[in-house]
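Hi everyone, thanks for making time for this. Let's bring the structure up on the screen and walk through a few packing details together.

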Amino acid sequence: MSVRVGAARVRALLLTLVTFCVVAGTATGCASGGDDRPRVVVTTNILGDITREIVGDEADVTVLMRPNADPHSFGLSAVQAAELENADLVVYNGLGLEENVLRHVEAARASGVAGFAAGEAADPLPFHAEREGGPDEEAGEPDPHFWTDPGRVRKAAGLIADQVVEHVEGVDEKTVRDNAARYDGQLAGLTAWMEKSFAAIPEDRRALVTNHHVFGYLADRFGFRVIGAVIPSGTTLASPSASDLRSLTRAMEEAGVRTVFADSSQPTRLAEVLRQEMGGDVDVVALYSESLTEKGKGAGTYLEMMRANTTAMTEGLTGA
Ligand SMILES: [Zn+2]
């Protein structure tokens with residue numbers, strides 16, 4: 001008796017579920033896992049903005065890194081790690097940038113999730129040892145900061161569109177291609193505007209000192225010399241020694257450079273260290289180097305970040 005009732009209840013429950021799936025399925029597909037919208041998960045917020053421009057409303061885009069976070073050090077919550085495992089496509093920078101996240105990306109890829117390393121696909125450049133007597137550990141290693149060159153971002157954006165069309169089921173290909181074409185036009189406009197802006201800086205003043213080695217691609221694209229970095233490393237996770245700082249101040253004096261570009265999240269600390277070394281005669285200009293800000297806080301989008309940096313660099317180096 002109790003067995004029959006139990007079976008009937010199970011049948012009723014199954015019927016309810018099937019009915020739900022038939023009704024809901026017309027709109028959502030009713031696959032396992034709850035939310036059935038196609039989902040793209042992106043590690044860094046810069047790549048997140050670029051990916052959202054391309055995907056538009058065709059899929060949900062989840063960005064793991066918060067505004068103002070450091071891509072070298074940010075980590076994932078358990079919920080975010082699960083989101084990564086359930087994505088239709090994971091877009092990440094690669095080249096060692098997301099030091100605490102790459103193992104999760106590798107695990108997701110190993111379990112069959114499609115993954116695209118934008119930095120690896122955008123003609124990476126090696127770090128170069130630019131300072132006499134300062135053999136940088138990473139010299140010759142690929143530099144992950146490719147987004148400082150908008151030309152490489154154009155290439156990466158086009159490839160992200162290809163990946164979305166190939167791996168994210170249910171997206172409208174024409175919409176994605178149209179989004180990509182429109183964004184490519186904006187990136188082309190940005191590149192031309194940056195060239196024009198930088199043309200105002202005399203040749204001998206096109207010299208960059210930054211907090212860590214983050215603008216190598218920009219220097220390569222627009223003809224700047226990289227004099228050095230306060231943290232002589234490709235990652236913010238390293239810290240400068242006294243001899244690193246002496247060697248940097250010597251290089252700055254030789255090059256006649258008095259302007260240092262620091263990430264907007266840590267200009268104060270950097271300013272203090274360098275002012276001590278150079279006797280108070282250093283301008284520290286804040287840039288947005290590897291993280292977007294909240295909307296409306298100066299670098300809410302990639303385009304906004306690059307325009308703000310171009311203006312700050314041009315003013316910082318021409319004394320405007
Ligand atoms: Zn960096």
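So, let me begin with helix H3, whose buried residues pack against strand E1 (39–42), strand E3 (89–92) and helix H4 (102–110). Before I go on, please keep in mind that this is a predicted model.

Which residues of H3 are buried? In this helix, which covers residues 78–85, they are Gln80, Ala81 and Leu84. If you look down the axis of H3, these buried residues fall within an arc of 100°, so they line one face of the helix. As a reminder, an α-helix has 3.6 residues a turn, so residues three or four places apart point the same way. On the face of H3 turned away from the buried side, you'll find Ala78 and Val79, which are exposed.

Now over to a pair of helices. The axes of H2 (residues 45–55) and H7 (residues 173–198) come within 7 Å of each other and cross at roughly 130°. That angle is why H2 counts as oblique to H7. Who meets whom here? From H2 we have Asp49, Ile50, Glu53, Ile54 and Val55, and they meet Val176, Asn179, Ala180, Arg182, Tyr183 and Gln186 of H7. Sorted by type, the residues of this contact are six nonpolar, two polar and three charged.

Is Thr191 buried or exposed? Its relative accessible area is 12%, and because the cut-off for buried is under 20%, Thr191 is buried. Leaving aside residues up to four places away in sequence, Thr191 touches Pro150, Gly151 and Phe222.

Terms used: Residues are numbered from 1 along each chain as its sequence is written. This is a predicted model: local features need pLDDT of at least 70, side-chain atom pairs count only at pLDDT 80 or more; totals for chains, interfaces and linings use all residues. Side-chain values use heavy atoms; hydrogens and water are left out. Axes are lines fitted to C-alpha atoms, for helices over the stretch in contact, and angles run from 0 to 180 degrees between N-to-C directions. Helices (H or I, at least four residues) and strands (E, at least two) are DSSP runs, numbered from the N terminus. Angles under 35 degrees count as roughly parallel, over 145 as roughly antiparallel, 65 to 115 as roughly perpendicular and the rest as oblique. Contact means heavy atoms within 4.5 Å. Ala, Val, Leu, Ile, Met, Phe, Trp, Tyr, Cys and Pro count as nonpolar, Asp, Glu, Lys and Arg as charged, and the others, Gly among them, as polar. Buried means under 20% relative accessible area, exposed over 50%, partly exposed in between (1.4 Å probe, protein chains only). The arc is that of the directions from the helix axis to the C-beta atoms.
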